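Keep the 3D view open as you read.

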Amino acid sequence: MCGIIGYIGLPDRTKNVLYSGLKSLEYRGYDSSGLCFIEDNETRVVKSEGKLENLNKKLNKHKINSSVGIGHTRWATHGKPSEINAHPHTSGPISVVHNGIIENYSELKDELIKKGYEFYSDTDTEVIAHLIHDFLNSEFSFEDSVRLAFERIEGSYAVAILNQNEPDKIIATRRFSPLIIAQNENECFLASDIPAIIPYTNKVIYLEDNDYAILNADEVLIKDMDGNETTREVKIINLDPVMVEKSGFRHFMLKEIHEQPRAVFDTLRGRISESMDSVIFEELDLGFLENINRVVVVACGTSFHASLIGKYMLESIAKINAQVELASEFKYREPVLDSKTLLIAVSQSGETADTSEALSEAKLRGVKSLGITNVELSKISREADYVLHTKAGPEIGVASTKAFTTQVLVLYLFSVFLGLHKKSISKKIARQLIKDVISATKLQQTVLNLDGEIKELSKEFYHYKNFIYLGRGVSYPVALEGALKLKEISYIHAEGYAAGEMKHGPIALIDESMPVVFIAPDDEVYYKKLLGNFKEIKARGGRIIFITSNEEIVKMLDKDDRKIIIPKCSNLISPLITTIPVQFLAYHIANLLGTDIDQPRNLAKVVTVE
Ligand code: F6R
């Protein structure tokens, strides 16, 4: 949550690098923003409440003639979204932008107030600026003041600091929040994430916890908190800047829905043997999986729903005991873990605090761990024993779409991999499972062609105030995911249920004002049961949107019901297909309601607070 950027180098680039950097970090928070730069040894701050466009309007009135600046886009934690709470925060010559939470801020604040520092905002960040200023006032150098301040500060942070009396440098440090730095000839950058820097260079350095960096226009020094110089590897990032653009789509979310066949293809590429009967995970060491007899998957939100689908796959393919936990609950109960348990942490960003905390807890207990993330070098990627990357490419829309399908795919491939390793499945079965999943990209393409049809259908449904989503088996987590997508981008109340659970309570909700989105791919096991659930809803006047490949059930629909016909596919891969219509439905309903689809209210793409 929150994105930070910093630049030092060529005066004619400062404004553009800072503003466009913030634009590409806006997914991390968008309730207010600000930047500051040093001109004639004076700090100039420009801030605005609301979206970045508001900041841009103000910036257009400024001619920035400065070779150094820092910026911030905010997702409020301490203090409501407002101009006064927007970063940068200043104290005397010091200005600071911060991503994270300072846990001991109220104790520090009391201390600083007693010393005469006046606080103008409700943020935890302001203590950082005053604390550094306080050390400067005690005659410490800028660098030592930063170091001493962070010896006192507890919590999570990625911070960039300017001192108007030393405009030739930015100092940055981090602990538990991501921070990258990069260098070109005569200029240096820092940012919370790659998209802010990728237009300028693909060579980046990931700062480690408690590192601090001193950025000059032509040099970067990295030190540990004792002031000893250290080196960090320069990583080459393979990211095409075009991937972080909308490419003609109205929203990133729509673009990302349409990218799913490509994302699935990229995630599959190189991971299937030539004989098509085994999965190749070069990243994994087979010895690592020895003796594993149980898998615990931890995740949040959409990644949790993908993990629930993974449970069906791990059990039915690998025949292993699998349990899925909300990461936010996992750490604070007493999970029973042993050396035969494998913990899998699933996270698009690889930075979600709840998930990475659950991973750390499992590691503390000596449990083997595997990360499934979409962001290489993210926290979870670095901390898990092994990591499998989804190759969805950058996901910018706050509502997760292509990350979900690629997580489902990796969990499927891992189930086949583990099943073969544990000899729970034969090569023959593995070949069939692989054949099924290879067909997914083509089937997804067919479903993407339903975009226009679902757009039309949305016009009939966007005024409803409540929705229910139903599914059985692997379609149950798809129902949860469909309801989550609708909630988060259209603000319509929606619930997902296992279809068989309806009769135990939720059926009381059914009447003509409650559309039911029924996810029912054709499946022998569930056919009769689905039919029963279907009739129960019809008997109570419910209006159904049926997502199915079963022509028989379609014949039973009333004139008020609607159908979305999807191609037939194997049950286990069906979530890769059935998810697309629920994504489209949420998207088009939200679009008709005119909500801010890529940046829905109150949300942030990366949730780095517990
Ligand atoms: C919903 C959504 C969130 C995330 C959740 C976990 O569309 O995007 O529910 O899935 O915040 O994020 P990651 O996967 O980055 O750990």
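With which residue does Arg262 form a salt bridge? The partner is Glu259, and the closest N and O atoms of the pair are 3.8 Å apart. Keep in mind that this is a predicted model.

**Charged partners**

How exposed are the two partners? Arg262 has a relative accessible area of 28%, so it is partly exposed. Glu259 has a relative accessibility of 13%, and therefore it counts as buried. Arg262 and Glu259 also belong to a network, in which salt bridges that share partners join them with Lys255, Asp266, Arg269 and Lys402.

The count for the structure comes to 39 salt bridges.

| Salt bridge | Closest N and O atoms |
|---|---|
| Arg232 and Glu208 | 3.6 Å |
| Arg262 and Glu259 | 3.8 Å |
| Glu315 and Lys311 | 3.1 Å |

The salt bridge between Arg232 and Glu208 links distant parts of the chain, since its residues are 24 apart. Arg232 sits in the loop between strand 14 (229-230) and strand 15, while Glu208 sits in the loop between strand 11 (203-206) and strand 12 (212-216). Both ends are partly exposed: Arg232 has a relative accessible area of 24%, and Glu208 has a relative accessibility of 40%.

Where do Glu315 and Lys311 lie? Both are in helix 8, and because they are 4 residues apart there, about one helical turn separates them. Glu315 is partly exposed at 32% relative accessible area, and Lys311 is partly exposed at 28%.

**Open pockets**

Now turn to the spaces. Rolling a probe the size of a water molecule over the atoms shows where empty space is left.

The largest pocket holds about 870 Å³ of space. It is lined by 40 residues, and the closest to its centre are Ile237, Leu239, Asn374, Val375 and Glu376. Strand 15 (234-236) and helix 7 (260-268) are the elements that give two or more residues to this lining. What kinds of residues make up the lining of the largest pocket? They divide into 18 nonpolar, 9 polar and 13 charged.

The second largest pocket has about 650 Å³ of space. Among its 32 lining residues, Cys300, Gly301, Thr302, Lys605 and Val607 are the closest to its centre. Several elements give two or more residues to this lining, including helix 9 (327-330), strand 18 (341-347), helix 10 (353-364) and helix 16 (475-490). Which element supplies the largest share of the lining of the second largest pocket? That is helix 8, with 5 residues. The lining of the second largest pocket divides into 14 nonpolar, 12 polar and 6 charged residues.

**Cavities**

How many cavities of 30 Å³ or more does a search of the whole structure find? The search finds 3. The largest cavity has a volume of about 60 Å³. Of the 13 residues that line the largest cavity, Arg74, Thr77, His87, Asp124 and Thr125 lie nearest its centre. Strand 4 (68-74) and strand 6 (94-102) each supply at least two residues of this lining. By kind, the lining of the largest cavity divides into 3 nonpolar, 8 polar and 2 charged residues.

Note on methods. Residues are numbered from 1 along each chain as its sequence is written. This is a predicted model: local features need pLDDT of at least 70, side-chain atom pairs count only at pLDDT 80 or more; totals for chains, interfaces and linings use all residues. Side-chain values use heavy atoms; hydrogens and water are left out. On a 1 Å grid over the protein atoms alone, a cavity is a set of points where a 1.4 Å probe fits but cannot get out, and a pocket is an open set with protein on both sides within 12 Å along at least five of seven lines; lining residues have an atom within 4 Å of a point. Grid points are joined across faces, edges and corners, and a volume is the space filled by probe spheres set on the points. Ala, Val, Leu, Ile, Met, Phe, Trp, Tyr, Cys and Pro count as nonpolar, Asp, Glu, Lys and Arg as charged, and the others, Gly among them, as polar. A salt bridge is a side-chain nitrogen of Lys or Arg within 4 Å of a carboxyl oxygen of Asp or Glu. Buried means under 20% relative accessible area, exposed over 50%, partly exposed in between (1.4 Å probe, protein chains only).
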